[in-house]
Amino acid sequence: MSYELIAILMFSSMMLMLMTGQRVFGAIGGVAVIAALALWGTGGSDIPFSSAMKLMKWYPLLTLPMFIFMGYVLSESKIADDLYKMFHVWMGPVPGGLAIGTIGLMVLISAMNGLSVAGMAIGATIALPELLKRGYDKKMVTGVIQAGSSLGILVPPSVVLVLYAMIARQPVGQLWLAGVVPGLMMAAMFVAYIAVRCRFNPKLGPVLPVEERTVPLAEKLRLLQAGILPIVIFASMMVPFINGWTSLVESSAIGAMAAFLAAVLKRRMTRDVFEVSVRQTLAISCMFMWIILAALGFGAVFDGLGAVRAIENLFTEQLGLDPWMILILMQLSFLVMGTFLDDTAMLVIVAPLYVPLVGALGFDLIWYGVLYTITTQIAYMTPPFGYNLFLMRAMAPPEITLRDIYGSILPFVCVMVLALGLIMAFPNIALWLPHYVYGL
Amino acid sequence: MPSWTKSYIRFVDGLNRRIGRFAMYGIFALVGVLLWSSISKTFFDPSLWTLEIAQFLMVAYYIIGGPYSIQLGSNVRMDLFYGNWSDRKKACYDAVTVLMLIFFLGVLLYGGLSSMAYSFGYFGKEPIGFLFGLVIGTEELGHLERSPTAWRPYLWPIKLVMCIGFFMMLLQVSSELIKDIAKIRGEEI
Amino acid sequence: QSKIKWRLQTYAGPALAEHVIKPAIDSFNKIAGDQMEIELFFADQLVPTGELFRAMQSGTIDAVQSDDDSMASPTEVTVFGGYFPFASRYSLDVPVLFNQYGLNEIWDAEYSKVGVKHISAGSWDPCHFATKDPIRSLEDMKGKRVFTFPTAGRFLAQFGVVPVTLPWEDIEVAVQTGELDGIAWSGITEDYTVGWADVTNYFLTNNISGAWAGSFFANMDRWNELPDNLKELVRVTFDSSHYYRQWWYWGGEASLRVNGTKMELTSIPDKEWDTVEQAAVKFWDEIAAESETKAKVVEIFKKYNSDMVKAGRPYRYG
Ligand SMILES: NC(=[NH2+])NCCC[C@H](N)C(=O)O
Ligand code: NA
Ligand code: NA
């Protein structure tokens, strides 16, 4: 069988299996195993297990349960309540202010956990009901929360960037720093979008009633203290890491401990909170790990059967495109695949094909990591398949329909595409900070 | 459904739930090891074993915890179509496609057993027969595999844990399959 | 008759493999034409390095380039692969030991026992430290987390070094993320070639072994299936890989010490370094005590080294 045929066959049967709705890791693993048994020859049956051993040796993965745990502790223990109040009071008087404040809230939460689920949960359970109660347009605010929470994987710490780092073999520290400015820039763009829209159509985000707005200055200042906690947690993790005192995985454990202690000290670590955080951390970690396990197996079979060569050949020789065209094509293919493929699987299967190519074309792999992350975020939010869509549907109050959710994301996706374009055109938006800190 | 299916499901689900709930506290063991790693590095000589132990813990955590995560329904599906189907239709599809998953797990387990036999010093082509012989005493241990690191831990314990995990995962998935079949037949379990 | 295909996985990553193996595989494929093709895979690409031996034995991959130590082969000679402390001083020592002092026969016997064909052994570069902070005395080695070979790590642990084993491709990043303080895995040529010179600052000129010893292996059945002409071609082209490395490393080591700008050279004074050499003598005896085969190999090392000392310059100085 030719390499091209194997590539097409494996990919299309995986897609088909995914559409049946079987668990993603089962679909991918099943196809990998059948291909291995049918096409590999002697010893093909050992590949899935050796992928499990490979996964064991991928030490940065140790950070995954840590960052997930952090996120659950934060959202379950309602540590973010105070933060929410802070933004509420300070931003209330502005048209659309609460929505803008929600973006601020999301930025702070992003600095304390590595995924977007926590931000989503906090946004959907704390912020969303309040926003609706105050007459904010439900389509807009649903979008705000989805867009805002997606900052979770761009602002450090970030699980997606750790996974990318592992596959691209790039330093996590630099990748994380590279995410900071683009993350803040994107937040600013969201804010600008909200502000402009509410200015022209104040009904979308009405100003808070006077009674709610008149908070004494002393109280207002006291509320600012809430902002200290995220900074402390963030610093406890990042300062030793950036200075090289602790390694990446050690820092992640420190972060998890810091979040846990914060919840205990604030007397929010109830039995329930403890139970849910610990259980959900297992659940989500398992989800990731099993997908990675299956995808690593798929990748090894795909590679060993020569399919990787077929794809490389297609991009570099047959299409005869210039580097930028190839890059854009890759981004597009991520978006397309993101409509039906799990992002972790996508990363483990596809990035090993793309990343060396991106490097060979002369692009910076740190910068590309940021592009990849934003692209994933867009894929998270776009129908039909998107985690954030599902999460939102699961967590939002009942008056928000799936229609609202689908309808809410379009403008935000446009903003994100714009951000993506800016970072592509001006790589320094991403690269300036890591170069500055690491003195490159 | 025959009555044994009920007890089977109760047994498997119950056991996996207990194992999973035990595994889920592994997160604290992991945190402990990693914290010790940074403490020992700062104040004493760094320990040889922290990274490897952490890796073993993580693997045990997700493999042993896997069946429980299936019970919790946390394994994502592409629910573009699936999401809109009725429960019965979902069960119909699952009952067929889960065979892929079972197949995957079976091969994973086979690879694990073969690798475990290797870690007990068996280099031949019938790992299962060897392991069986080892249990009933007709086979002997050979060259015990050790990790190629300076700490050199034996590798069979982690491989054993992994195999147990895969096996429990198979049981869990078979229990899901029975539940689906019951659903298709419109019975309550 | 259809084309024979082999999958060969090396323990080296792509940047290094470009020199140490790729040229040989390319010429093999060119000559073998329609008869056979060897597909080359890099470190951890299909199976993790720790599983390399097992994978070859069971036929998941057909051939391997590695030292015995890194892939933890279940033989009596495993510890001697990679860098057995102070076993050799120059890269030519390795082929001499194998071809003229009887190591070939021992390796062949050991690997046949476990169902693997030992094709040929060759040497690479010496084993030096590349670190972020300078090493100027034995004291400076204490507490350093260093990526190194298993046996070398066991030996170095007595000087307070903390040996760490990670996937080869992760090393550069691990140095940057603080998982590692340095690397004791190669000579300076490799440090520059694979990018480690970019993340470390110092190169210690003392080495714990003058040449890496490693081999090409194949799954026994796959090997036996080859027609004689292909067996011969495998041998010859793999020898060409051994030859390439002889001059590539030897030339690079000298020229980068002189002209390299990325790493500063430091040394531990000979007097102090002598402690390490003495420790190696003890280490050899410990290993020899473990089994008969090991004792035989150690015996050969001793004989060889004493011959070299007696031969005087240029075989051995001092
Ligand atoms: N591979 C996955 N299943 N990813 C799920 C994560 C998606 C989610 N929105 C997050 O970033 O937290
Ligand atoms: Na984050
Ligand atoms: Na999508």
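Q: Which residue of chain B does E275(A) form a salt bridge with?
A: With R21(B); the closest N and O atoms are 2.6 Å apart. This is a predicted model, so that distance is computed from predicted coordinates.

Q: How many salt bridges does the rule find across the interface of chain B and chain A?
A: It finds 1 salt bridge there. Between these chains there are also 8 residue pairs in polar contact, with both residues at pLDDT 80 or more.

Q: Which element gives the most to the side of chain B that touches chain A?
A: That is α5(B), with 16 residues. On this side of chain B, 39 residues are nonpolar, 15 polar and 8 charged.

Q: What area do chain B and chain A bury between them?
A: About 5800 Å², with 77% of it on carbon and sulfur atoms. In chain B, the residues that lose the most area to chain A are Y62(B), M78(B) and F104(B), which together make up 14% of what that side buries. The contact takes 62 residues from chain B and 63 from chain A.

Q: Now chain C. What area is buried between chain B and chain C?
A: About 1900 Å², and carbon and sulfur atoms give 56% of that. Y118(B), F123(B) and P148(B) supply 30% of the area that chain B buries against chain C, more than any other three residues. Here 20 residues come from chain B and 24 from chain C.

Q: How many salt bridges are there between chain B and chain C?
A: There are 2 salt bridges. One of the pairs between these chains is K159(B) with E51(C), at 3.6 Å from N to O. D221(C) and K125(B) also meet in a salt bridge, at 3.7 Å. That pair runs from helix α11 of chain C to the loop between α5 and α6 of chain B.

Q: Is K125(B) buried or exposed?
A: K125(B) counts as exposed because its relative accessibility is 61%, and exposed means over 50%. D221(C), at 36%, counts as partly exposed.

Q: What about pairs inside one chain? Which residue does K179(B) form a salt bridge with?
A: With D13(B), the closest N and O atoms being 2.7 Å apart. The two are 166 residues apart in the chain, K179(B) in helix α7 and D13(B) in helix α1. K179(B) is partly exposed at 24% relative accessibility, whereas D13(B) is buried at 16%.

Q: And in chain A, which residue pairs with E130(A)?
A: R134(A), with the closest N and O atoms 3.0 Å apart. Chain A also has a network of salt bridges that links D82(A), K266(A) and R268(A). Over all chains, the structure holds 34 salt bridges.

Q: Changing topic: how many residues are in the largest nonpolar core?
A: It has 333 residues. Those with the most contacts inside this core are M14(A), L61(A), W290(A), F302(A), Y62(B), L16(C) and F80(C). Helix α15 of chain A, residues 271-304, gives the most to this core, with 19 residues.

Q: Take L16(C). Which residues does L16(C) touch, leaving out those up to four places away in sequence?
A: W124(C), W168(C), W185(C), E190(C), V194(C), W248(C) and Y249(C). There is also a second, separate core of 7 residues, which includes A130(C), I188(C), Y192(C) and L256(C).

Note on methods: Residues numbered from 1 in each chain as written. Chains lettered and ligands numbered in written order. Predicted model: local features only at pLDDT ≥ 70, side-chain atom pairs only at ≥ 80, totals over all residues. Heavy atoms only, no water. Core = buried A, V, L, I, M, F, W, Y, C linked by side-chain atoms within 4.5 Å. Buried < 20%, exposed > 50% of the residue type's maximum accessible area, 1.4 Å probe, protein only. Helix = DSSP H or I, 4+ residues; strand = E, 2+ residues; numbered from the N terminus. Contact = heavy atoms within 4.5 Å. Buried area = accessible area lost by both parts, 1.4 Å probe. Salt bridge = Lys/Arg side-chain N within 4 Å of Asp/Glu carboxyl O. Polar contact = N/O pair within 3.5 Å; in protein donor to acceptor, adjacent residues only side chain to side chain. Nonpolar A, V, L, I, M, F, W, Y, C, P; charged D, E, K, R; others polar.
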